Amino acid sequence: MGSSLTCAGVVWALLSFLCAGASCVGFFMPYWLLGSQMGKPVSFGTFRRCSYPVRDEVHQATVMLEQCGRYASFQGIPSLEWRICTVVTGVGCGLLLLVSLTALMGCCVSDLISRTIGRVAGGIQFVGALLIGSGCALYPLGWDSEEVRQTCSNRSNQFELGSCEIGWAFYCTGAGAAAAMMLCTWMACFAGKRPKQYPY
């Protein structure tokens, strides 16, 4: 059982896995946008939210429930831009994860990744990173939704945060995609070994 990767290919496989992991973790976590509502910290992802108002029937008042969860349905996501962002970023993360797992398998399986397959994998990584970058660029378009405005002191708008701030998960997702686009796609060109030349 030998490797089908060059030394640069092994580094590419590990780096690809780290980039895919960073983007996937950032995408799943609901800490893209941070603010507060009714004195409680509130955070949003593309399809998840932490702390949301509920009606307390006993006290006949609205209280903040401090727990994280997904929106009940895809249509429940506060804005069309965030719905598009969820799909685009999710597909991009899936592509990065697929390539990184294939690259890791190439460390253990001989003849899995050739020069050509390495270049194709780099192209797929580029597309995945581009999709994630597009999702990150779309995200601020949803800051004018009613839910976000309530959390950001009614001062948020598209590309205007109001009293909110960008959270670590947004940076984590974007950084993983940027590293995949700039480093992994380039290293993928040198990842696969040249085919063996047989004398017959």
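Within what distance do the axes of helix α3 and helix α5 come, and at what angle do they cross? The axes come within 9 Å and cross at roughly 150 degrees. The model is predicted: local features need pLDDT of at least 70, side-chain atom pairs count only at pLDDT 80 or more, and totals for chains, interfaces and linings use all residues. Residues are numbered from 1 along each chain as its sequence is written, and side-chain values use heavy atoms, with hydrogens and water left out.

**View 1. Helix α3 against helix α5.** Helix α3 covers residues 115-138 and helix α5 residues 168-187. Helices are DSSP runs of H or I with at least four residues, strands are runs of E with at least two, and both are numbered from the N terminus. Axes are lines fitted to C-alpha atoms, for helices over the stretch in contact, and angles run from 0 to 180 degrees between N-to-C directions. α3 and α5 are therefore roughly antiparallel to each other. Angles over 145 degrees count as roughly antiparallel, under 35 as roughly parallel, 65 to 115 as roughly perpendicular and the rest as oblique. The crossing of α3 past α5 is left-handed, that is, the near helix is turned anticlockwise from the far one by less than a right angle. From α3, G122, Q125, F126, A129, L130, I132 and C136 take part in the contact. Their counterparts in α5 are F170, T173, G174, A177, A180, M181, C184 and T185. Contact means heavy atoms within 4.5 Å.

**View 2. The five-stranded sheet.** The sheet is open, with strand order β4-β3-β2-β1-β5 and antiparallel pairing. Its edge strands are β4 and β5 (165-166), each of which pairs on one side only. Two strands pair if DSSP finds at least two bridges between them.

**View 3. Hairpin β2-β3.** Strands β2 (residues 40-44) and β3 (residues 48-56) are antiparallel and share two bridges. Three residues lie between them in the hairpin. F44 has R49 of β3 as its bridge partner.

View 4. D56 stands opposite A61 of β4. R48 faces R70 of β4 as its opposite residue. Four residues separate the strands of this hairpin, where Q60 takes a positive phi near 50 degrees.

**View 5. S43 in strand β2.** S43 belongs to β2. S43 counts as buried because its relative accessibility is 4%. Buried means under 20% relative accessible area, exposed over 50% and partly exposed in between, with a 1.4 Å probe and protein chains only. The S43 side chain reaches the backbone oxygen of P30 at 2.9 Å. Beyond its neighbours within four places in sequence, S43 contacts P30, Y31, L33, L34, R49 and C50. S43 and V148 are 105 residues apart along the chain, with 9.4 Å between their C-alpha atoms.

**View 6. S51 and Y52 in strand β3.** S51 and Y52 both lie in β3. Are S51 and Y52 buried or partly exposed? S51 is buried, at 5% relative accessible area. Y52 is partly exposed, at 25% relative accessibility. In a regular strand, side chains alternate between the two faces of the sheet. Not counting residues up to four places away in sequence, S51 touches P41, V42, M64, L65, E66 and Q67. With neighbours within four places left aside, Y52 contacts V63, M64, L65 and Q67. The C-alpha atoms of Y52 and L65 are separated by 5.4 Å, at 13 residues apart along the chain.

Definitions and conventions
A polar contact is a pair of N or O atoms within 3.5 Å; within protein, one must be able to donate a hydrogen and the other to accept it, and residues adjacent in sequence count only if both atoms are side-chain atoms.
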